[in-house]
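Open the model in your viewer and keep the selection tool at hand. Each stop below says what to pick next and what is there.

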Amino acid sequence: KETEKQTREYRNSTRGFSLTLPQELSIKENNEGDGTYTIVLEDTAGEKSFQIFFTPYLGDTITQSRILKDVPSGKFTAPVEIVIGGCTRALMLLSEGPLGRLREIWFLHDGFLYEITTYEHLDVWLANIIQTWRFP
């Protein structure tokens, strides 16, 4: 069963957050420079993956113009507010672009913008992982 699979904790020392992940996910961290990182988490079969992107951000709200910067097609659903990890307010939306329909979760924390992205059909899988997100 899915719930019986082994898990492990991932800690990001750069931004100080942690997640509980399925054991089979590999983690690739890429320092893009200037405080910006991309982290790709993928299973060995290449069937399930998601990406965490974070970058310094001066604003205290996520604007539509900021979303358009990262979703240049302009094709996305109206963001819905959700709570992840029990206390972090986030925006969830579906975008459409060259990679197809993507589930995106955006939030701000401690001067950084976080964007978490996966394919739409992996919604529930991602939601179960993201609910374990914790900042110290």
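**Aromatic pairs**

The structure holds 15 aromatic pairs. Rings of Phe, Tyr and Trp (its six-membered ring) pair if their centres lie within 6.5 Å; planes under 30 degrees apart count as stacked, over 60 as edge-to-face and the rest as tilted.

Select Phe-17 and Tyr-114. Their ring centres are 6.1 Å apart and their planes stand at 80°, so this pair is edge-to-face. Phe-17 belongs to strand β2 (residues 17-22) and Tyr-114 to strand β9, so the pair ties together parts 97 residues apart in sequence. Helices (H or I, at least four residues) and strands (E, at least two) are DSSP runs, numbered from the N terminus. Both Phe-17 and Tyr-114 are buried. Buried means under 20% relative accessible area, exposed over 50%, and partly exposed in between (1.4 Å probe, protein chains only).

Tyr-37 is in strand β4 and Phe-54 in strand β5, so their pair links parts of the chain 17 residues apart. Tyr-37 and Phe-54 are buried too.

Then show Arg-15. Its charged end sits over the ring of Phe-112, 3.7 Å from the ring centre. The test for this is NZ of Lys or CZ of Arg within 6 Å of the ring centre and within 35 degrees of the ring normal.

**How to read the model**

This is a predicted model: local features need pLDDT of at least 70, side-chain atom pairs count only at pLDDT 80 or more, and totals for chains, interfaces and linings use all residues. Residues are numbered from 1 along each chain as its sequence is written, and side-chain values use heavy atoms, with hydrogens and water left out.

Select residues 49-56, strand β5. Of its 8 residues, 6 are buried, so the strand is largely enclosed by the rest of the structure.

Which strands pair with β5? One is β4 (residues 36-42), antiparallel to β5 and joined to it by 6 bridges. The other to show is β9 (residues 112-119), also antiparallel to β5 and joined by 6 bridges. Two strands pair if DSSP finds at least two bridges between them. For a check on the β9 side, pick Gln-51: its bridge partner in β9 is Thr-117.

Follow the chain between β4 and β5. The two strands form a hairpin with 6 residues between them, and Gly-46 in the turn has a positive phi of about 75°.

**Glu-42**

Glu-42 is in strand β4 and stands opposite Ser-49 in β5. With 26% relative accessibility, Glu-42 counts as partly exposed. Beyond residues up to four places away in sequence, Glu-42 touches Glu-24, Leu-25, Ser-26, Lys-28, Lys-48 and Ser-49. Contact means heavy atoms within 4.5 Å.

**Two loop aspartates**

Most residues other than glycine have a negative phi. Go to Asp-34, in the loop between β3 (26-33) and β4. Asp-34 has a positive phi of about 55° although it is not a glycine. Its relative accessible area is 77%, which means exposed.

Next, pick Asp-110, in the loop between β8 (100-109) and β9. Asp-110 has a positive phi of about 55°, again without being a glycine. Asp-110 is exposed, at 60% relative accessible area.

**Gly-97**

Gly-97 is in strand β7 (residues 88-97). At 33% relative accessibility, Gly-97 counts as partly exposed. Pro-72 is 25 residues away along the chain, with 8.2 Å between the two C-alpha atoms.

**Zoom out**

Show the whole chain. It has 2 helices and 9 strands, in the order β-β-β-β-β-α-β-β-β-β-α. Its radius of gyration is 14 Å, close to the 14 Å that the globule rule gives for 136 residues, so the chain is as compact as a globular protein of that length. That radius is taken over C-alpha atoms, and the rule is 2.2 Å times the number of residues to the power 0.38. Buried residues make up 40% of the 136.
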